[in-house]
Amino acid sequence: MTETIAPIEALKDKGPDKPPRSRWKDVWDQFKKHKGAMFGLGFLMFITLAVLIGPFLWDADPQKIDIRNKNMRPIYTAIWDGDAKVGWNKPLGSDQLGRDQMAQILSGGRASMAVGWAAMVLSLLIGTAIGVAAGFYKKLDGLLMRTTDLFLALPVLPLLLLAVTLFRQPLTSTFGPEGGMFILIVSIIAVTSWMPTARIVRGDVLAIKEREFVLAARSIGTLPGKIIRRHLLPNVLSPILVSAALGLATAIITESALSFLGVGFPSDFPTWGKMLADAVVRMEEYPERVLLPGIAISLTVLSVNYLGDGLRDALDPRIRGR
Amino acid sequence: MLTYAIRRLFLSIPTLLFISFVIFMLLQLAPGDPMAQVPLTVPPEVKQKMREALGVGEPALVQYWKWLVQVFWIEPQVAIDAMFGTNWSEGKQRVISWQTRSPVMDIVIQRIPQTLWVVGVAYVVAILIALPIGIYSAYRQYSVFDQAGTFVTMIGFSIPPFFTGPLLIVIFSVQLGWFPSIYDTTHVVNDWASFKEQLQQMIMPVMVLALQITAMLSRYMRASMLDNLGQDYVRTARAKGLSESAVVLVHVLRNSMIPVVTVIALGIPSIFGGAIITENVFKVNGIGQLLLTWLFANDLPGVMTLTFIFAVLIVLFNLIADILYGLLDPRIRYD
Amino acid sequence: MKLKSLMLGAAASFALAPAAFAERGGDGEVKIIYWQAPSILNPFLSGGTKDVESASMIIEPLARYNEKGELVPWLVNEVPTVANGGVSEDLTSITWKLTPGITWSDGSAFTSADVAFTYEYCSHPEGGCAQLTKFEGVKSVETPDDTTVVITFESPTPNPYGPFVGGESPILQKAQFASCLGAASSTCTEQNFNPIGTGPFVVDEFKPNDVIVMSANQNYRVADKPAFAKVTFKGGGSAAASGTAVMETGEFDYAWNLQLAPDVIAKMQEGGKGTPVAGFGPLLERIMLNNTNPSPDLGPDERSVIRPHPFLSDPAVYKAMSMAIDRPLLVEVGYGQAGRVSCSWVPAPEAFAIDVEGCDVQDIAGANKMLDDAGIVDTDGDGIREKDGVPLSILYQTSTNAVRQDFQALIKEWWGEIGMEVELRNIDGSVFFGGDAGSPDTFQKFYADVEMYANTFNGTDPQAYLGNGLCDKAPRPDSQWQGENISRFCSEEFDALHAKLSATADMAERSRIGKELGTIAFEQGMMIPLVHRGRLSAHSNSLGGVVLNVWDSELWNVADWHRIK
């Protein structure tokens, strides 16, 4: 009984004449139009590569004390001041114990970026997990959102200081001074910064899960886990990416503030924030020791913020194509 | 709306109790010692006696219960006494700081004026600067002004105050000698000249703080304006022939202000506690500096009470922000 | 009589006023900044230097130490000695005669009852008095009449100048503090914040952890002093900021304890508004050598308890370690003007300090030779020497502090050059010095091979301080890890000599024994002294009369401070 009836001409679909444009290509095209975002992306890639590969190219030990070559100025100082103590062996100068500034900037950047990325990723994971769970499972919603409110009510910087002064010792004795501090700072920043992400994600999930395509997926028997992974997460990606950009910046700044207050990483472990804080007393004689790490922090944060701006514009279909 | 507010208010009590318990247990786990700052020349037996005199050795739950009673029962009595001249609280044990051996609340009240002067003024200044910048940047999106504004606010966002603070001191106090580098908390404003002095000593910390707050607020304002400028009602307003200023400054601004007002309200608790670094750099010795000193001295009653006050303020202003949101935006109904 | 002398004084100062600068309150205001803010004005409830020194402007002891470490009478006419009959021949009692006519700032008379009360206040078992050691060994304090105080000791005390001497042990007013004994002491906020004293200034306003405003004491015993009518005593910030405020912007007149790198101080001095001044007490930065085995393989009650250390007990090892250190460089890097090279456990006063030859030269080659000669050589070719098969690898711990970490880095490098492996560790000061018996990281537990910190003593007599080397003062599990003999040094010769010191009153003999004790400690491996640390403060160029005193409160002579016109 199976007879194939040839469809009439008008009902035949025309094949697409252009290959389909993927969503990500649209996003990228829009993103490219945002000059600040392009600069941000470029600089962030540059700085990440620099701190990753830099220490191999410039292999001076940042902690090596070289008392004979102390207080050297960066090489560019020679342009306006012929008598300045400069040398190619220390292209960015050295500090009061003769430690190489170039090596310190590179390894300090590694620490700052590591703290920033790790704290950001952790905070996103917590925020997204809680947001999705609260939005998707109605039973969990009340409990999880009360928890979120509770964390929002905790004062961040005082709590951060509190936790650092309290738990520094037990953690450093288990994981070593740097490892312990890293775990402490990263986890505290993450634990106190996931709430906005969770709230935004929950809101979006609540709206999306009522949409037809989710209903369709459910009707063909898709398991909840798969619905979340295949249908919900890709659609809440844009708010997540935007909070990611802001989270990275906040984490770097927070770490440097802790270092300034003297409760950050141990003193023989450079980070940008710590270099800046240590050099503030010698700001007039050796401005470069403040400016170099200061500029590094600012440019990184600036580029991440621009990147976030660009992403927001690019990922928002209402703005895209305007 | 009223029932909603009352329900939220009652709900916040267990929340606050829970927060206070969490903070207390955190402090109990602390390995720090209130005697650590006492010099080595004081022998350990004496330090032990001093600890006992402070009540350090008592079980944690007993200490917590005492603290609860002191904060929720005795301190309000003290406040009533101070207002109406009664003497309910006479002879009752208040929350005593380990470091200064004096009631914690007295010191907190002593610190509030300078914190309000500096951080509060910075907040107001920041609002006054941020809103126009945000409005104009959004109205002329991607114009030169917008780009410059974005750049400047980003700089403000990314430069930490412990860098801008000492920089201002070097320029304006050491080189130019215009402003004092150390804030005088005993200064009394009673005439024009003393007001001028107060302005001079406030200007640097206010500048540092306002830069940061402006950066944040103007971003919010711009985003909110952008959202609204693309809405249909704007086109309608323009189509019916309203002047451009009426469209932007009346219709769009009113709607854009809704989320911004709540952001401002949510930021108010940070006026009381957030300026730890700036206060430290300029020696303003407000609440933030107090918390830092107590933390480093392991003064548990002080730290506990202060963090709890912050938590109360945050919960309170969260509530106020939610209610404001409902009042300003008729589309939102709480039930 | 009193009224008359007062009136005479007033008349005299009135008559002299146009000619001389000396007039009470004539020089206006002086501004002092301490980067640690005072939290309480009762030194008996807080051992902190900031609190003791700020209170010393208001309340005073019977006698003080001057800038040379000599005792000077303060509220008495002369310092009692055996020679003038004030100290009994058997050294068990001391009699102070108060200067008649001294009044408290509220106008009431200062009597011996106040002195006796101060003893009662501090020795109360529930009071938690921080200065209890000042009254150690006191049997009773009696007051035969209004101007006589007799202190009786339980045993012969060669140095009876503990109670009521120096800034840590001032006299409180009985009338004011009578209700604050024992457990009540911490509820006496008003008294603790505003003590009535005999000193040159009285408190107008005290904001804890922030600022003290004081004005001249109108009842001060010297008619034309203090020269300043008002004092603003600001606290908080950082050492760098307070140095700037005195030497660069000139906003303040006196900045306390500028723990800053030498080049930073020099740069501030270029500001031209102020001058740094340095003074040297007995504060010594040292590396303590563990005389017991800190190996983590031992159980918690055996670790750092069982003698000897596998290799640090060998004189060749610790002497080589000492020789490898470039002390002048350490001084230059860490302390500048506020540091001196020293190898003496008691670096000051002069009478007790020892000179060690070669202390100020680094001799890496000599150190290497010493180890080679002792047969401690690298046998397995990994660059680290072994003694009896145990490699010379050490754990070197200290508290977290920028200068200490610089020192650690430098010393690690030097010890590396003589074939030792060094692992560095720094611990937060509040834990390291916290004395918590449950924590493995306190300096008393000493779960490391060497550790670095600074220690000192109050006053000028080092007897109790030298007692920190006695065998039975070593921290042990059964003493809850309390005890001052941090290195667990133990020598019969040392103990016997110290017992002899406790029974000797003659100053020359005490000095000889003291030096001998110091030599034993150095030669037999108790510690490696590094730097004799001083106190560096700064005053503005227009502030006169500042005499930096490290033996007592820095503000001991604040009554003599004046404005240079």
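I take helices as DSSP runs of H or I with at least four residues, strands as runs of E with at least two, and I number both from the N terminus. I note at the outset that what I am reading is a predicted model.

**Chain A.** Reading from the N terminus on, I find the elements in the order α-α-α-α-α-α-α-α-α-α-α-α, which I tally as 12 helices and zero strands. I then looked up burial, and buried residues account for 45% of the 322 residues in chain A. Of the contacts in chain A that link residues at least 6 apart in sequence, 71% are between residues at least 24 apart.

**Chain C.** Here I count 15 helices and 20 strands. Chain C has a radius of gyration of 26 Å, close to the 24 Å given by the globule rule for 565 residues, so I record it as being as compact as a globular protein of that length. I also took the extent of its C-alpha trace along the principal axes, which is about 85 × 55 × 45 Å. In chain C, 53% of the 565 residues are buried, and 68% of the contacts between residues at least 6 apart in sequence join residues at least 24 apart.

**B:Pro103.** I located B:Pro103 in the loop between α3 (60–84) and α4 (104–139) of chain B. Is B:Pro103 buried or exposed? I count B:Pro103 as buried because it has 22 C-beta neighbours inside 10 Å, the cut-off being 20 or more. Leaving aside residues up to four places away in sequence, I find B:Pro103 touching B:Arg94, B:Val95 and B:Ile96, together with C:Thr189 of chain C. I also checked B:Glu75, which is 28 residues from B:Pro103 in sequence and 9.6 Å from it in space, C-alpha to C-alpha.

Note on methods. Residues numbered from 1 in each chain as written. Chains lettered and ligands numbered in written order. Predicted model: local features only at pLDDT ≥ 70, side-chain atom pairs only at ≥ 80, totals over all residues. Rg over C-alpha atoms; globule rule 2.2 N^0.38 Å. Buried ≥ 20, exposed ≤ 12 C-beta atoms within 10 Å, placed from the backbone. Contact = placed C-beta atoms within 7 Å.
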